[in-house]
Amino acid sequence: QVQLVESGGGLVQAGGSLRLSCAASGSIFSINYMAWYRQAPGKQRELVAAILSGGTTNYADSVKGRFTISRDNVRNTVYLQMNSLKPEDTAVYYCYGGVPYHWGQGTQVTVSS
């Protein structure tokens, strides 16, 4: 099994930046799909960004041009660089992937106006 642990959340002012990390307990080299999702209070969990093993990425329209997902197969970590943060980005952010596929515990991101 490959477990996931997120970190890097916190409180930031609008326009600021944060980098989330999703550290895996084992190799992610052969894990095709790794992604970040988020869930705001009272809303459904939604895809933020995904990255395939070959490097192909996919982003929600709401974060395109502001967020960047990347994966480091040596450090077994997936990152989400978040720039130009907005109050509407406030949510719990979850990493998804691993072996078998599962959710991490989540990390809170709060953006103040």
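## C22 in strand β3

C22 lies in strand β3, which covers residues 18-24. The model described here is predicted. C22 counts as buried because its relative accessible area is 1%, and the cut-off for buried is under 20%.

## What surrounds C22

Leaving aside residues up to four places away in sequence, C22 is in contact with L4, V5, E6, M34, W36, N76, T77, V78 and C95. Two of these contacts, M34 and W36, have numbers that fall within strand β4, residues 33-39.

R66 is 44 residues from C22 along the chain. The C-alpha atoms of C22 and R66 are separated by 19 Å.

## Strands β4 and β5

How do strands β4 and β5 run, and how many bridges join them? Strand β4 (residues 33-39) and strand β5 (residues 46-52) are antiparallel, with six bridges between them. One of the pairs links R38 to its bridge partner E46 in β5.

The two strands make up a hairpin, and six residues sit between β4 and β5. Within the turn, G42 has a positive phi of about 75°.

## Strands β5 and β6

Strand β5 also pairs with strand β6, residues 57-59. This pairing is antiparallel and has three bridges. Across it, I51 stands opposite T57 of β6.

β5 and β6 form a hairpin as well, with four residues between the strands. Which residue of this hairpin takes a positive phi? The residue is G55, with a phi near 105°.

Definitions and conventions
Residues numbered from 1 in each chain as written. Predicted model: local features only at pLDDT ≥ 70, side-chain atom pairs only at ≥ 80, totals over all residues. Heavy atoms only, no water. Pairing = 2+ DSSP bridges. Buried < 20%, exposed > 50% of the residue type's maximum accessible area, 1.4 Å probe, protein only. Contact = heavy atoms within 4.5 Å.
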